[in-house]
Amino acid sequence: MTKSLQQKHTRYLFARLLAVLLLGSIAFYFFMRMHAEHMQLKQLELRQRNLQSAFLLQQNTLMPFHITGEYDIAENGTLPPQQLGKPRDTLVFYPAENKSLPFAILTRAFDANGRHYQLTTYVSSTEIDHLIMKVFGTEAFLFGLLFVVIIYINYKTSGVLWKPFRNTLQKLREYDITKQQPVELGADTGTREFDELNEVAAQLIKKNRQAYHQQKQFVENASHEIQTPLAIIRSKLELLIDQPNITAQVAALLADITEANDRLSQMNRNLLLLAKIENNQFPETAAVNVSVLMEKIIAVYRQHYSGEFPEIETAIQPDLLINCNASLIEILLNNLVKNAVVHNIPGGYIKVELTGDCLRIANSGQPQAIASERIFERFGKGTDETRSTGLGLALVKQVCQLYNWKVDYTYQNAVHTITVMFSAT
Amino acid sequence: MKVLIIEDEISLLRSITEYFRKEDYLCEGAGSYAEGIARIEDFYYDCIILDINLPGGSGLDLLRYLRTHNKQDGVIIISARDSLDDKIAGLNLGADDYLVKPFHLSELNARVKALIRRKYGQGNNLISLGNLTVDILSRTAFIDKAPVLLTKNEYDLLLFLLANKNRVVSRKSIAEHLFGQEADNLPSFDFVYSHIKNLKKKMKEKGADDIIETVYGLGYKIIG
């Protein structure tokens with residue numbers, strides 16, 4: 001599952017920062033413990049020194065041998081020598097409070113007046129333990145606070161830092177090469193990487209645009225140039241078919257050539273038309289009564305289509321007005337109806353539904369011979385249908401694109417449906 | 001009849017000239033703006049067929065020149081530009097007709113004839129062929145004075161064939177004559193066949209000679 005960069009960054013930091021702070025806390029605790037023990041030892045040793053010198057000065061008579069929680073002097077002490085000089089822990093019972101308290105103790109041996117003594121000094125562990133707990137608690141609190149603040153700051157910064165990136169992304173997403181509008185990628189985002197990204201993207205767009213423009217220009221120029229030779233061929237063919245004494249064989253050849261030439265002319269004309277729509281050469285718009293136009297087109301088809309005409313079922317909302325160019329909408333409707341007629345099957349039907357802002361033309365037909373997404377492409381022909389130029393639906397798409405109408409094709413249960421949503425998407 | 005064709009595409013110019021030869025027109029050609037100006041200054045033409053894109057200038061300027069010099073030659077513009085604006089501009093400058101390239105020669109022929117009839121017909125609104133007579137004004141066809149009831153399409157078809165008498169007229173040119181460029185959108189031109197069939201049937205019922213001939217798969221021809 002992909003996550004946003006901000007999320008990832010935060011997550012990454014979260015895991016690592018948590019680990020570092022936890023380890024740090026543990027280390028801190030042990031260091032503190034170590035230092036505390038060291039301090040205890042020093043205190044014990046200091047007491048040893050003070051008591052020993054006091055004992056020697058007092059000539060052993062005046063000083064008590066035992067004060068609870070302070071020291072212990074034992075003549076001929078029995079502690080094994082290996083334990084001498086090493087701090088130990090012990091519990092001392094206080095009868096008044098009826099509880100035992102932890103102490104650190106240190107025992108050393110010394111001689112005085114020819115006698116052996118073992119002196120044990122006491123330092124309470126309770127206070128130091130409390131101090132450690134308090135310091136550690138404070139530290140843990142600070143670390144926790146630090147953790148939250150760092151994560152928060154990081155989260156916020158990352159949002160701010162990546163803003164130019166998201167802006168660029170949004171603009172690139174909205175960019176449509178078929179539209180003439182330029183893309184304004186901020187040239188100065190304040191971040192070198194994003195400046196570079198914008199620069200590179202802008203260059204890429206420029207190059208693509210040039211290539212696209214050249215290609216468009218090529219198609220346009222080519223179809224313009226092809227027009228004249230086509231017109232010449234057509235005129236010569238007309239002269240030819242008018243020659244006297246044409247044999248049936250020659251006539252058949254001429255008929256085929258004429259037909260092919262007519263198809264070529266039509267294709268060429270459609271290509272030019274596509275280029276013109278793309279170049280926005282149909283700027284005039286008016287409120288067109290699509291309902292009337294649709295009825296008219298269907299009537300023309302019904303009248304002029306010899307052979308078996310598909311059953312037409314219409315549900316056309318009267319007087320639906322659409323703001324657009326009158327020629328373009330006629331091209332669109334004509335091509336949709338033609339498509340439904342030409343790609344039908346014997347005994348088939350066409351259903352035309354025009355309601356609200358939606359036109360739906362469904363027709364029976366051969367199983368889908370072309371991928372749905374390719375059906376609106378130029379020459380995206382599924383069959384070798386000679387009555388089709390392979391440009392009709394491309395024209396439909398082009399017109400829809402111009403007006404931001406949504407056009408869709410679906411195929412289900414041997415029914416081909418094309419839907420045009422006239423409301424801007 | 002004198003016809004001037006101003007068209008820079010020599011091959012197309014030759015086609016038009018050749019097509020008109022059968023019509024007993026006196027055809028002259030001009031391949032550039034300057035040549036065209038020189039011709040119209042020196043001579044009067046009944047009809048000028050004028051291309052818009054010419055070397056050395058625009059056909060529209062030539063038309064403007066013609067009209068500002070008060071020359072009343074009939075003008076049919078032939079142009080590759082088919083936007084409504086171009087058409088309106090041409091007609092506003094005083095052109096009599098506007099034909100978009102590529103056109104059929106039979107269509108051009110019919111337009112020239114219509115133009116000449118309009119301009120110089122002087123009340124002669126009847127076209128006759130054998131026992132067939134067509135009254136242009138009332139848009140009615142008669143066989144031996146008996147009217148034949150024709151639909152609009154059948155009448156237009158008959159007139160088109162008559163304008164191209166003794167020539168083979170292709171099905172596509174008939175389709176385009178009847179429906180203009182919209183004919184391109186029709187999936188087939190078979191309807192031309194049914195129009196012809198109905199026309200022949202109606203004429204035959206009134207006792208007309210069988211003057212409409214089918215020429216293989218190419219088209220139709222009126223013989224007279």
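Author: Axes are lines fitted to C-alpha atoms, for helices over the stretch in contact, and angles between N-to-C directions run from 0 to 180 degrees. The model is predicted: local features need pLDDT of at least 70 and side-chain atom pairs pLDDT 80 or more, while totals for chains, interfaces and linings use all residues. Residues are numbered from 1 along each chain as its sequence is written, and chains are lettered from A and ligands numbered from 1 in the order in which they are written.

Reader: Why are α4(A) and α1(B) called roughly parallel?

Author: The axes of helix α4 (residues 192-241) of chain A and α1(B) cross at roughly 25 degrees and come within 9 Å. Angles under 35 degrees count as roughly parallel, over 145 as roughly antiparallel, 65 to 115 as roughly perpendicular and the rest as oblique. The two helices are therefore roughly parallel to each other. Helices here are DSSP runs of H or I with at least four residues, strands are runs of E with at least two, and both are numbered from the N terminus.

Reader: In which hand does α4(A) pass α1(B)?

Author: The crossing is left-handed, a term for a near helix turned anticlockwise from the far one by less than a right angle, with clockwise giving right-handed.

Reader: Which residues of α4(A) and α1(B) meet?

Author: A:Ala231, A:Ile232, A:Ser235, A:Lys236 and A:Leu239 meet B:Ser11, B:Leu12, B:Ser15, B:Glu18 and B:Tyr19. Contact requires C-beta atoms, placed from the backbone, within 7 Å. Ala, Val, Leu, Ile, Met, Phe, Trp, Tyr, Cys and Pro count as nonpolar, Asp, Glu, Lys and Arg as charged, and the others, Gly among them, as polar.

Reader: How many residues does the contact take from chain B and from chain A?

Author: Chain B gives 30 residues and chain A gives 31. On the side of chain B, α1 (10-21), α5 (105-120) and α8 (190-205) each supply at least two. The largest share, five residues, comes from α1(B). This side of chain B has 13 nonpolar, ten polar and seven charged residues.

Reader: Why are β12 and β13 of chain B placed at the edges?

Author: The open antiparallel sheet has the order β12-β14-β13 in chain B. β12 (169-170) and β13 (212-215) each have a single partner strand, so one side of each lacks a neighbour in the sheet. Helix α6 (residues 152-163) of chain B lies across β12, β13 and β14, at about 70 degrees to β14(B).

Reader: What domains does the assignment of chain B give?

Author: Domain bounds come from an automatic or database domain assignment. For chain B the assignment gives domain 1 (2-120) and domain 2 (126-222). Their centres, taken over C-alpha atoms, are separated by 27 Å. Seven residues of domain 1 are in contact with ten residues of domain 2 in chain B. On the side of domain 1, these are one nonpolar, three polar and three charged.

Technical notes: Two strands pair if DSSP finds at least two bridges between them. Two residues are in contact if their C-beta atoms, placed from the backbone, lie within 7 Å.
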